[in-house]
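Please read the following note alongside the sequence and the structure.

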Amino acid sequence: MMRRKLFTLILLAIVFTFYWVDYGITQEVVPEKQKQETQVEKKTEKIIPSPKNIKEKTGIYVFLGWMWLSIFVLIYILRQKIKEVDRLFLLKFFSSEKK
């Protein structure tokens, strides 16, 4: 069991080490003039994150409503499962000492 934890820890350390390494292969060489042009273009563009019309706004609220409803239903089902398992445990349904 200890070897398994150690192996997992070492594997995660290696993965995160290589995740943060910046390889020179992915970087492009861009002339200085072109960099300035792209910075100017990025500054002029303004994005407003909002729905375009009432239909999109209603769609967002419906999506959020369904999401919360599904979360509550799943929590309810999970609570019912836990109650049933507790009931079976108190009855000693799965005990090895059967009559």
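1. A nonpolar surface patch of about 920 Å² is formed by I60, Y61, F63, L64, M67, W68, I71, F72 and I75. Patch residues have over 30% relative accessible area and no salt bridge, and nonpolar side chains (Val, Leu, Ile, Met, Phe, Trp, Tyr) are joined within 5 Å. A salt bridge is a side-chain nitrogen of Lys or Arg within 4 Å of a carboxyl oxygen of Asp or Glu.

2. This is a predicted model, in which local features need pLDDT of at least 70 and side-chain atom pairs count only at pLDDT 80 or more, while totals for chains, interfaces and linings use all residues. Residues are numbered from 1 along each chain as its sequence is written, and side-chain values use heavy atoms, with hydrogens and water left out.

3. One member of the patch, Y61, lies in helix α3 (residues 54-90). Y61 is exposed, with a relative accessible area of 56%; exposed means over 50%, buried under 20%, and partly exposed in between (1.4 Å probe, protein chains only).

4. The 37 residues of α3 should span 54 Å at 1.5 Å a residue, and the end C-alpha atoms of α3 are 54 Å apart, in agreement. The expected span is 1.5 Å times one less than the number of residues.

5. K92, in the segment after α3, has a positive phi of about 55 degrees although K92 is not a glycine. Most residues other than glycine have a negative phi. K92 is exposed, with a relative accessible area of 60%.

6. The protein chain has three helices and zero strands; helices (H or I, at least four residues) and strands (E, at least two) are DSSP runs, numbered from the N terminus. Of its 99 residues, 1% count as buried.

Methods:
Patch = residues over 30% accessible without salt bridge, like charges linked within 9 Å, V, L, I, M, F, W, Y side chains within 5 Å. Areas by Shrake-Rupley, 256 points an atom, 1.4 Å probe, with all protein chains shown as cover.
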